[in-house]
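Reader: I would like to learn how to read a structure like this, one feature at a time. Please give me the general idea first and then the case at hand.

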Amino acid sequence: MKKIVIIVALIALIAAYFIFDLGQYLSIASVKEQAASIDGFYQENPALVIGIFFLVYVAVTAASLPGAAIMTVAAGAFFGLIVGTIVVSFASTIGATLAFLASRYVLRDSIEARFGDRLKAVNKGLERDGAFYLFTIRMIPAIPFFVVNLVMGLTRIKTFTFAWVSQIGMLLATAVFVNAGTQLAQIDSLEGILSPALIGSFVLLAIVPWLAKLIIGWIKRRKVYAGFTKPKSFDRNMVVIGAGSAGLVSALIASTVKAKVTLVEANKMGGDCLNTGCVPSKALIKSGKVAAMIRNADKYGITAAEPVVPFKQTIARVMGAVKAIEPHDSVERYTGLGVDVIQGYAKVIDPWTVEIARNDGETDRLTTRSIVIAAGAEPFVPPLDGLEDSGYLTSDTMWDAFAEMDKAPARVAVLGGGPIGCEISQALARLGSGVTQIEMADRVLGREDEEVSALAQQSLEEAGVTVLTDHKAVRAEGGAIVVEHEGTEKSIAYDALIIAVGRKARLTGYGLEDIGVDTSRTVVTDEFLATKFPNIYAAGDVAGPYQFTHTASHQAWFASVNALFGQFKRFKADYRVIPAVTFLDPEVARVGLNETEAKEQGVAYEVTRYDLDDLDRAIAESETKGFVKVLTPPGGKDTILGATIVGAHAGELLAEYTLAMKHKLGLNKILGTVHPYPTMAEANKFAAGNWKKAHKPEKLLALVEKYHTWRRG
C-alpha cells in the first residue's frame, strides 16, 4: 500500500505537469518575463516567496520533472547569488533525496531480485568508495540530475551519505547557474551557461578526489616500505616460492609473458597434490573400487569372489601413477619453458630480496620486482596427549609407510570425517583393512547437506568402515586411541593411526613475519591477493580461503598478473563459482550453495531433484545410488544458485553446472541442450526437466487443452 501511495503521488505530479502545461513556465524566456513582477512581490513577502519556490523546487526534483536547471537560474534572478544559492542547495538536496528514496523503496527489491549477483559487486564498491563515486558524478552537470538520483536509489549506498555528498557535490554547479540567473538579461539558453570550457573545468574538479586518493595510496605505500631500501635494479621480475599448483602456474604465466622468473622449491616439484595428495589418493581409491567390484561382482551377473590384495604391489601401482605424471611438473619441463628453477629453501629478506639456501649447499640472493608466496599447506595434527609417541601417519607420510607393508594394515583408525578422512577410510576398508573412522561432530562431511552426509556414511559402512560420529579423541596410549562419547571413554586399538582432521597453511620459515606480513592463520591478503606490501602476493592453500588444487591454479593467475602488471591494472580474485568433489564411491560433487548454506545465509531458494535410480545409464551399470539436486530462486526463475550431485562420475557431471553458473546460463539452457543417450550426463537434463515441469504454465495449458478439444470437434 505504501508503494502504491508513492507511485500514485509521483504519477499525479507528473500528470499535473503535463496536463496544466507547467513546462511553459520553466524556460529562460518565461523567467525573464516574470522576474520583474515577482521581484516586487518578493520585496514585500520574502519568506512567502522563498517558501513557495522552495517547495516547488523540491516537488520538481523529487518527481524527476524537467526544469530544475531553469529553476536554479530563476533563483538567481529572483533572490540574488547568496540567497539563491542557499535556497537551491538545500531544496535540490531534499528533492534529490526524496527521488532517491522513492526509487529505493519502489524499485530496488525487484531490481535486486533480477540482477542481485551483478549488483553485489557494485554495492561492495559503493560501500568502500561510494562517496568518491557520487561526488565525481555530482561535479559534472552534464550528467542528468534525475538519473543520478534514481540509479543511486537502486544501490545500497546510505541515505545520509547520498544526501551530504549530493549537497557538497552540487554546490559549485548550483552557484554557477544561480550566478547566471543574476545576469538574466544576457542569457538566452542553458547552453550559454554550460560552455565546453566550463564543463571541462567541472570534469577536472571531479577528478580531484581520485587524484587525492592516488596520492594517499602513494603515501601509504611509502609508509609500508619505510625502513627498507629499494634496489636500483633487479635480478628478476618475479620470484615464486613453492612449486605446487599455485607456484607452477604463477611461474608458467610469468615466463609466458617473457618475464624473468625464478621458481624455488625445497622438496618435490608438483607439491602435495602430485606427491602425497590428489594423485596417489585417487589411484588408491581406484584400486579400492576394483577390489569392491570383485567382491560384489554378483551385482553385475558375475560370480563374486574375495579379492586378493598384494598391498605392496597395489601401492607400487599408486606410486607408478605419480611417476607417470611427474614429468608434467618436472624441473626439466619448466626449465625448458623458460623458468629458472632452484631447489632449496627461500626466505624473504626484504620486500625485494629473496635469499635461497640451495639443496646443494650454495646460497643465492636475488633481488626481484615481485614475489609470489605459494608455500601450500600441511596436515594439521591436534595437540593430543601421547600423540607424538603414537607413530601416527598423515596423508603426507602414509605413502612411505604403506610402501613397506606386504599387506594392508589389519586395524586402521582414521581421525577425521572430512573429505580426506572419508576417502582414505573407504579405500583402505575395500583393500582389506578393518577401519574405524572417528569424527567429533555429529556427522561426516559436515559442510554438506544432511542427506549427503547420511548417504556418505551409509557408503562408508557398506565398505566395512565403522563410523563413530560424536566421538572426541582424548589421547593416544599403548597402541590405541582413546575416544569419549556421551561422557564414556573407550579405547580403539590400531596398527595404523591416520590423522586427517584438516590442513594448515605453511607460514613459518619464509621470513614473512620478520618483515611484518600478517600470517595469523594464512598469509593475509587483500582482494587482489597482495599482502601489506603491494609487490608481495600469495596464492593457493597458504592464502586460503579454499584448499583445492584447482582454486590454487585459479588464484595463481590473479596473483601473477597483478604482480607483473599491477601498476597498470589489477584484478580481484573471483570466487563466485568454485566446484568441489569428494571422491567417495559414490562421489559427492558440489558448486555454489547447498541447502545448509542457503539457510545459514538467509538465501531464499527452491529445490529441484532428480534421482539416479530413474536414469537409463545408471540402471544399465547398476550405479543407481545418488541424485542431482539444484537450487534456484523461488518464483520460477531458472538461475542456478547451486548444484549438488551424488553418484558415479559426479565430479564430471558437475562441470556442466559450473560452466552454466560461470556464464550465467539457467536450467532452460541445460534443458535445451542435446545430451547423448545413454549417458550419466542426461541426469543434468532430466533435473532441468523436473524444474520445468514444476513451473509449467497451468492456465495456458488449460486454454491449449480447450483449443485441442475444439479442434477435434
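**Reading the features**

Author: The scale calls a residue buried under 20% relative accessible area, exposed over 50%, and partly exposed in between (1.4 Å probe, protein chains only). This is a predicted model, in which local features need pLDDT of at least 70 and side-chain atom pairs count only at pLDDT 80 or more, while totals for chains, interfaces and linings use all residues. Residues are numbered from 1 along each chain as its sequence is written, and side-chain values use heavy atoms, with hydrogens and water left out.

Reader: Which residue meets Glu-451 in a salt bridge?

Author: Side chains of opposite charge can pair when their charged atoms come close. A salt bridge here is a side-chain nitrogen of Lys or Arg within 4 Å of a carboxyl oxygen of Asp or Glu. The partner of Glu-451 is Lys-629, at 2.7 Å from N to O. Lys-629 sits in strand β20 (residues 627–632) and Glu-451 in helix α16, so this pair ties together parts 178 residues apart in sequence. Helices (H or I, at least four residues) and strands (E, at least two) are DSSP runs, numbered from the N terminus. Lys-629 counts as buried, at 2% relative accessibility. Both residues also belong to a salt-bridge network with Asp-449, Glu-595, Arg-609 and Asp-611.

Reader: How many salt bridges does the structure hold?

Author: The structure holds 31. One of them joins Lys-282 to Glu-423, with the closest N and O atoms 3.3 Å apart. Because Lys-282 lies in helix α11 and Glu-423 in helix α15, that pair ties together parts 141 residues apart in sequence. Lys-282 is partly exposed, with a relative accessible area of 27%, whereas Glu-423 counts as buried at 8%. Another salt bridge brings together the side chains of Glu-462 and Lys-625 (2.6 Å, N to O). Glu-462 is in helix α16 and Lys-625 in the loop between α19 (616–620) and β20, so parts 163 residues apart in sequence are tied together. In this pair Glu-462 counts as exposed at 54%, and Lys-625 as partly exposed at 28%.

Reader: Which residues have the most contacts inside the largest nonpolar core?

Author: In soluble globular proteins, nonpolar side chains tend to be buried together. A nonpolar core is a set of buried Ala, Val, Leu, Ile, Met, Phe, Trp, Tyr and Cys residues joined through side-chain atoms within 4.5 Å. The largest one here has 35 residues, and those with the most contacts inside it are Leu-284, Phe-402, Leu-428 and Ile-498. Elements that each supply at least two residues of this core include α11 (278–295), α12 (311–325) and β14 (496–499). Helix α15 gives the most, with 5 residues. Leaving out residues up to four places away in sequence, Leu-284 touches several residues, among them Ile-315, Val-318, Trp-399 and Leu-428; contact means heavy atoms within 4.5 Å.

Reader: Ser-453 lies in helix α16. Is Ser-453 buried or exposed?

Author: Ser-453 is buried, with a relative accessible area of 2%. Leaving aside neighbours within four places in sequence, Ser-453 is in contact with Arg-443, Val-444, Leu-445, Gly-446 and Glu-448.

Reader: Where is there a cis peptide bond?

Author: Most residues other than glycine have a negative phi, and most peptide bonds are trans. A cis bond joins Gly-544 and Pro-545, with omega about 0°. Pro-545 is in the loop between β16 (536–538) and α17 (549–565). A cis bond also joins Tyr-677 and Pro-678, with omega about -10°. Pro-678 is in the loop between α21 (667–671) and α22 (682–694).

Reader: Which residues other than glycine have a positive phi?

Author: Among them are Ser-64, with phi near 60°, and Lys-258, with phi near 70°. Ser-64 lies in the loop between α3 (46–62) and α4 (68–79). Lys-258 is in the loop between α9 (245–256) and β2 (261–265), and is exposed, with a relative accessible area of 75%.

Reader: And the chain as a whole: how many helices and strands does the chain have?

Author: The chain has 23 helices and 21 strands. Of its 713 residues, 45% count as buried. The C-alpha atoms fill a box of roughly 110 × 90 × 55 Å, taken along the principal axes.
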